Amino acid sequence: MRIILAFILLFTCLTLFGKTENTFAPPPIQVTISGKIEGQIKAKIQLAYHLYDKTYVKDSSYTDAEGNFKFIGEYEPGCYIVYLSEIYKQIPIIINNEKEIVLTAKIVNDEPKTTIIRSEENSVYYELIDFFTARREKFLQMETYYKDKTSEAEKLEFKKIQKEYSAETEAFLLKTLADNPTLFVPKYIKATQNPPEFTCDKSFSSEKCTELEFQYYFEHFFDKIDFGDARMVRTDILATKVDYFFDKLVTQRPEDLIPQLDLLLQRKEMDPEVFKTILISSVNKYARSKNIGFDAVYVHLVDEYYRKGKAEWTEAEQKQKMLDNADRLRPILIGQKMENFKFTDAQTNMEFELYSVKGNKILLYCYYNPSKELAEIKKFALEEEGKGIKTVVIFIDNSPDKLKQYREALSENGRLVPNLYALTISEKEYKTLQTKLNLDSGRTYLLDQNFNILFKQFSMWQLPEVMSRFGE
């Protein structure tokens, strides 16, 4: 059952159209794509293609007075969409080694019903689409019928139907793949499949079987994808599966994500264009990630693949920017020891260094103008008084009245809360701190007694949860 559902989902295509991109394209071929779309008279249509996790417009045209259309050009092999712009409908096609594709389409039940006139690749493709669509509709009817059945006999009957249905569906698919070994569509459809059903030993408990099934599914998740075929870059399924694996199946921690990314990127059969696409996408993803600590994934990818010369396509200037960025982030990754920052307090003219603070944990809070959160900081410091937790507040403001206001907000009975440090530093020192601690991403750090970074760049409203996570 998982096979058909995975396949049907492919036809919910992306419509984030933009400028044409040819960055990762296999060699293009000259192709004529033509046909007739009933009811679309002098209507704008577009030819778009998948490029990993995005979809781009390749060509635009208009139908004539009878609904005929034609695209002629050089197109890289992969999955494309004839997009009916005025009614927001899509006709998926595959471009591979054929010089001509001819089709007709009409809108039936608000969806395009497509017939392939000329194209062996797309004839097989639509044979599969029609088969799976019909089978899915039939199965949903059976599922509705058995939904409210409660007797054990009826439940067993439905399970038997499910099993037969899955077996028949897989048999049809496997026969289609075997009968068309030279086409791209078998590889594409095969890539949509999940691993084979896991059969658990009956002697195991249901909990153990669930654990073993997930382990099997996890280990064999990518078995159906041919990473050695550059055409996979121009499909929607490659990005869909890679994203699902790393977002849903892998535990969302850098120490779990990094080895799995390396296992994928270092597959022996990996085509250079597929490698390039997945690596660039992963670097961008983790560079922009809002998940705290995921900058460690970005730093690892830059160090392992760009610093070591495995991303040879990268221009020298761009590569250096990435290396510099990784070097800037590395000292403030979770688990690293915070630098021993030294400042001169602009109000007291006394020198201060971070390592002079002694506590079980240290909350380091840096902000240009912190007036909105000072009450929360004071509340936290008072609540943690006597627990060996210290709070260091670093700020800057050129107004003496503001500085006085800040200190008063952090004081109790005219004096600073005992386990709290409040420092006013120069604008030059603050800019240095801002760069080193990447304060644009967050201004709060939690350190342990050895000044190792436990957590970072979180909001004050998250502080109770953070303290609960890291204990007393």
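Guide: One term before we start: two strands pair if DSSP finds at least two bridges between them. Helices (H or I, at least four residues) and strands (E, at least two) are DSSP runs, numbered from the N terminus. This is a predicted model, where local features need pLDDT of at least 70 and side-chain atom pairs count only at pLDDT 80 or more, while totals for chains, interfaces and linings use all residues. Residues are numbered from 1 along each chain as its sequence is written, and side-chain values use heavy atoms, with hydrogens and water left out.

Visitor: OK, which residue stands opposite Val-108?
Guide: That's Glu-111, in β8.

Visitor: And how many bridges join β7 to β8?
Guide: Seven, between β7 (residues 100-108) and β8 (residues 111-118), and the two run antiparallel. They make a hairpin with two residues between the strands, where Asn-109 has a positive phi near 55 degrees.

Visitor: What sheet are they in?
Guide: An open one of four strands, in the order β4-β1-β7-β8, with mixed pairing. β4 (68-75) and β8 are at the edges with a single partner strand each, so one side of each has no neighbour in the sheet. From one strand to the next, the twist averages 25 degrees; angles run from 0 to 180 degrees between N-to-C directions, and axes are lines fitted to C-alpha atoms, for helices over the stretch in contact.

Visitor: How do β1 and β7 run, parallel or antiparallel?
Guide: Parallel, with six bridges joining β1 (residues 29-37) to β7. Thr-32, for instance, has Glu-100 in β7 as its bridge partner.

Visitor: Switching to helices: at what angle do α6 and α7 pack?
Guide: About 155 degrees, with the axes of α6 (residues 237-249) and α7 (residues 254-265) 10 Å apart. α6 and α7 are therefore roughly antiparallel to each other (under 35 degrees counts as roughly parallel, over 145 as roughly antiparallel, 65 to 115 as roughly perpendicular, the rest as oblique).

Visitor: Which residues meet there?
Guide: Val-242, Phe-245 and Phe-246 in α6 meet Leu-257, Gln-260, Leu-261 and Leu-264 in α7, where contact means heavy atoms within 4.5 Å.

Visitor: Last one: is Pro-272 buried or exposed?
Guide: Pro-272 counts as exposed, because its relative accessibility is 57%; buried means under 20% relative accessible area, exposed over 50%, partly exposed in between (1.4 Å probe, protein chains only). You'll find Pro-272 in helix α8 (residues 272-288).
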